Amino acid sequence: MNQAARITVVGGGSWATAIIKILSEGNNHIRWWLRSQQDADHIKKFHHNPSYLSDVQISPRKVRVCTKIKEALSASDHIILAVPAAFVSDALQGVKPAHLAGKSVISAIKGMIPEKNQLVTDWAEQNFEVPASRIAVIAGPCHAEEVALEKQSYLTMASQNMAFASEVAQLFNGRFVQTSPLDDIYGVEYCAVMKNIIALACGITHGLGYGDNFQAVLVSNAMQEIRRFVDTVYPMQRDLSASAYLGDLLVTAYSPFSRNRTFGHLIGRGYSVQSAQMEMNMIAEGYYAVKSIHEINQHYGVSMPIVEMVYTVLYEKTSPVSATNALKAVLK
Ligand SMILES: NC(=O)C1=CN([C@@H]2O[C@H](COP(=O)(O)OP(=O)(O)OC[C@H]3O[C@@H](n4cnc5c(N)ncnc54)[C@H](OP(=O)(O)O)[C@@H]3O)[C@@H](O)[C@H]2O)C=CC1
Ligand SMILES: O=C(CO)COP(=O)(O)O
């Protein structure tokens, strides 16, 4: 029998809770770090997260909950980051490279470090000196809510080190989740960031009353936009029709579970950014990502009309109606 893996999950939101559920299926020793003492106490006492996916049962035999980050890290060999990118530095406050020495870092985050416009894996490598060969990302179309319901799902684990990607894929493979390894870590990371922005555009236009005909054209154009951008910033032979790329775009563009689409929909319905954020008790990564991608693209100059439409609505107060009218003219 395989030795039990020692894994720490950092984050108390819906994706962290779903990951805990997936990993609890296997022979793993799991540490779970949450920032909320109240939620941690509740999980210890009642064996479920009161704030997110509260139907998911947490086994106290397999999962040890704590709110002290260094203690949570020290217990494990694999560290899974599952907080929104904007808060990951807060979550790892006080953590030094020595605390992560000899450990691997697996990012389940689909966003960029906003103040640095940096991919999370680059940030982990630079800030904590984790070698690229021990860094992976979790990609693919997979909503936490469907994991909670044990609906058949697929994940792709990407790393520059295929042996490590396979090791991580094995950790997550189970009864209702099927996994595969991939070597295109930057490609899937950028695509995951981009698809959140596209979901905002889908939500905005849906909120304005556009239908399925328009959305199909929007998503097709979005895929071309993603291809242009990713092939420019990180050229490599890749099949963008694979589920880690196209599948992730489709699920977020069409699913009612999508945080980014829901956020965009509220904006399209006339909510301000602040009131849309208050209306949702979850984070839409695309809100932060669109600023980062817009700024990164000042350097590359890739044609990205959908990203620019979302950027002008969220950061330049252009009305969703006029931004969409301008976009309509360039879609094919
Ligand atoms: N949800 C999903 O289906 C999927 C999500 N992802 C990605 O996973 C990541 C996490 O998203 P998700 O779980 O959905 O997020 P949620 O919106 O469900 O949860 C947000 C989490 O962030 C925490 N948080 C908020 N502010 C801070 C802060 N200042 N410092 C530290 N922590 C903070 C919250 O803590 P608290 O509860 O204490 O406020 C909560 O744990 C994102 O990058 C997302 O794109 C990827 C695939 C699927
Ligand atoms: O990336 C996700 C599912 O694959 C979750 O993001 P959304 O909730 O915005 O769709």
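The model is predicted, with local features requiring pLDDT of at least 70 and side-chain atom pairs counted only at pLDDT 80 or more, while totals for chains, interfaces and linings use all residues. Residues are numbered from 1 along each chain as its sequence is written, and chains are lettered from A and ligands numbered from 1 in the order in which they are written.

An unreviewed UniProt entry lists residues 184–323 as "domain: Glycerol-3-phosphate dehydrogenase NAD-dependent C-terminal"; UniProt positions follow the numbering used here, feature names are shortened, and annotations may be inferred rather than shown by experiment. This span is 76% helix and 0% strand, and its end C-alpha atoms are 33 Å apart. Helices (H or I, at least four residues) and strands (E, at least two) are DSSP runs numbered from the N terminus.

The shell around ligand 1 holds 27 residues, of which Gly13, Trp15, Lys110, Ala144 and Met282 come nearest. Two or more residues are given to this shell by helix H1 (14–24) and by helix H4 (85–91), and H4 provides the largest share, four residues. A residue counts as near a molecule or strand if its C-beta atom, placed from the backbone, lies within 6 Å of it. By class, 15 residues around ligand 1 are nonpolar, eight are polar and four are charged. Here Ala, Val, Leu, Ile, Met, Phe, Trp, Tyr, Cys and Pro count as nonpolar, Asp, Glu, Lys and Arg as charged, and the others, Gly among them, as polar. Domain 1 (5–183) and domain 2 (190–328) each supply at least three residues to the shell around ligand 1, the domain bounds coming from an automatic or database domain assignment.

Ligand 2 is surrounded by residues including Lys110, His143, Asn196, Asp248 and Arg259. H8, helix H10 (243–254) and helix H11 (259–268) each give two or more residues to this shell, with the largest share, three residues, coming from H10. The shell around ligand 2 comprises four nonpolar, five polar and three charged residues. At least three residues are again drawn from each of domain 1 and domain 2.

The axes of helix H8 (residues 185–208) and helix H13 (residues 285–300) come within 8 Å and cross at roughly 110 degrees. Axes are lines fitted to C-alpha atoms, for helices over the stretch in contact, and angles run from 0 to 180 degrees between N-to-C directions. H8 and H13 are therefore roughly perpendicular (65 to 115 degrees).

How values were computed:
Parallel < 35°, antiparallel > 145°, perpendicular 65-115°, else oblique.
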